[in-house]
Amino acid sequence: MVRRSVGGQAGGWLLAGTLALAATPAAADPDTHRDCPACPDLVMVPGGTAQIGNDDRPREAPAHQVTVPAFWLGRTEVTVGQFRAFVEATGHVTDDGCFGWTGTGFGEVGGSWRDPGFPQTDAHPVVCVTWSDATAYAEWLTERTGQPYRLPAEAEWEFAVRTGIADADRQPETICRIANVHDTTSDQVLGMPLPAQPCRDDAARTAPVGSLLPAQSGAVDLLGNVAEWTADAWFDDYGTATTDGRPRAGSDPRRVVRGGAWEDDLSVARPGSRVGLPDGFRSQYFGFRIARDHQL
Ligand SMILES: [Ca+2]
Ligand SMILES: [Ca+2]
């Protein structure tokens with residue numbers, strides 16, 4: 001597979017037309033790792049310090065610095081095929097029902113992760129899964145490999161986007177190169193009463209993971225495709241945020257979801273956007289990716 005990346009080293013963002021081309025399979029990439037043949041690929045997010053949050057948006061304030069150790073992050077969102085392997089191996093029981101686009105409005109569409117209301121292959125990101133389903137998947141990987149799998153903290157997730165995707169690649173006309181969002185494709189096919197981005201990613205709903213360009217770390221689809229459950233309990237702002245990349249625990253049953261999805265525009269599909277949903281919520285727009293500490 002040919003890997004191309006956007007984003008870049010500090011002060012050296014790669015621009016459209018000068019994308020780095022490296023015919024390196026993911027499994028052979030020195031910064032890509034897999035703990036078992038069927039385990040998700042991991043990419044290393046280099047540690048460092050960055051500013052996250054936004055002072056001009058109450059739910060994202062205050063902007064603050066975080067210093068995050070290097071960590072492994074799932075290269076892709078967990079796929080239908082990967083989640084099916086987990087269900088078949090463990091007998092994990094999921095609940096049916098899912099929120100999404102009914103064709104005429106937003107509401108309950110029935111179905112389940114097996115049948116979310118639109119066609120998916122095993123290469124698509126799994127949807128209609130709860131936070132509990134996601135954490136159970138991570139726990140299964142831990143049991144299987146002996147490695148401490150978990151969901152990423154929201155600070156880790158935002159750090160990975162802000163340090164791995166350049167501002168130039170997150171503009172209305174360029175976002176479709178890196179993110180499956182509500183674009184001209186979904187606008188034409190679905191007719192949702194939502195603003196669409198003025199670009200084309202060729203996916204009306206979910207796309208096979210890795211269809212678009214990766215971030216500098218090699219992670220794909222951080223923004224868009226499916227929004228991603230994180231480890232954090234919901235807090236209304238960043239007032240009690242950690243500064244070392246650890247997730248926040250709390251009594252609120254809502255969990256933080258990041259990145260926006262295939263029905264979102266840049267008001268949601270951007271680094272700082274935070275959404276809190278009950279941990280049992282299932283949506284055509286929500287999936288997850290896994291993470292683990294960097295301790296090789
Ligand atoms: Ca799209
Ligand atoms: Ca995503």
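**Helix α2.** I listed the buried residues of α2: Trp131, Asp133, Ala134, Tyr137, Ala138 and Leu141. I took a residue as buried if 20 or more other C-beta atoms lie within 10 Å of its own, exposed if 12 or fewer, and partly exposed in between, with C-beta atoms placed from the backbone. Helices (H or I, at least four residues) and strands (E, at least two) are DSSP runs, numbered from the N terminus. The cover over the buried residues of α2 includes α1, β12, β13 and β14. I counted two residues as in contact if their C-beta atoms, placed from the backbone, lie within 7 Å.

I then checked the length of α2: its 15 residues reach 21 Å from first C-alpha to last, close to the 21 Å expected at 1.5 Å a residue. The expected span is 1.5 Å times one less than the number of residues. Gly146 follows α2 and has a positive phi, near 80 degrees.

**Source notes.** The model is predicted; local features need pLDDT of at least 70, side-chain atom pairs count only at pLDDT 80 or more, and totals for chains, interfaces and linings use all residues. Residues are numbered from 1 along each chain as its sequence is written, while chains are lettered from A and ligands numbered from 1 in the order in which they are written.

**Overall counts.** I noted 4 helices and 17 strands in the protein. Of its 296 residues, 46% are buried. Among contacts with a separation of 6 or more, 69% join residues 24 or more positions apart.

**Helix α3.** I looked at residues 154-164 next. Of the 11 residues of α3, 10 are buried, so the helix is largely enclosed by the rest of the structure. The buried ones include Trp157, Phe159 and Val161, and also Glu154, Glu156 and Glu158.

**Core.** Which residues have the most contacts inside the largest nonpolar core? They are Leu73 and Ala160, in a core of 66 residues. Elements that give two or more residues to this core are β6 (42-45), β8, β9 (71-74), α1 (80-90), α2 (131-145), α3, β13 and β14 (254-258). I used the definition of a nonpolar core as a set of buried Ala, Val, Leu, Ile, Met, Phe, Trp, Tyr and Cys residues joined through C-beta atoms within 7 Å. I listed the contacts of Ala160, leaving out residues up to four places away in sequence: Val45, Leu73, Ala215, Ser217, Ala219 and Leu222. In soluble globular proteins, nonpolar side chains tend to be buried together.

**Sheet.** I traced an open sheet of 5 strands in the order β5-β6-β9-β17-β12, paired antiparallel. Its edge strands, β5 (32-33) and β12 (149-150), each pair on one side only. Two strands pair if DSSP finds at least two bridges between them. β12 and β17 (residues 291-293) run antiparallel and are joined by 2 bridges. Tyr149 stands opposite Arg292 in β17.

**Backbone checks.** I found a cis peptide bond between Ala61 and Pro62, with omega about 0 degrees. Pro62 is in the loop between β7 (48-52) and β8 (64-68).

Asp221 is not a glycine but has a positive phi of about 60 degrees. I placed Asp221 in the loop between α4 (184-190) and β13 (227-233). Asp221 is buried, with 30 other C-beta atoms within 10 Å. Asn225 lies in the loop between α4 and β13, and its phi is positive, near 65 degrees. Is Asn225 buried or exposed? Asn225 is buried, with 33 other C-beta atoms within 10 Å.
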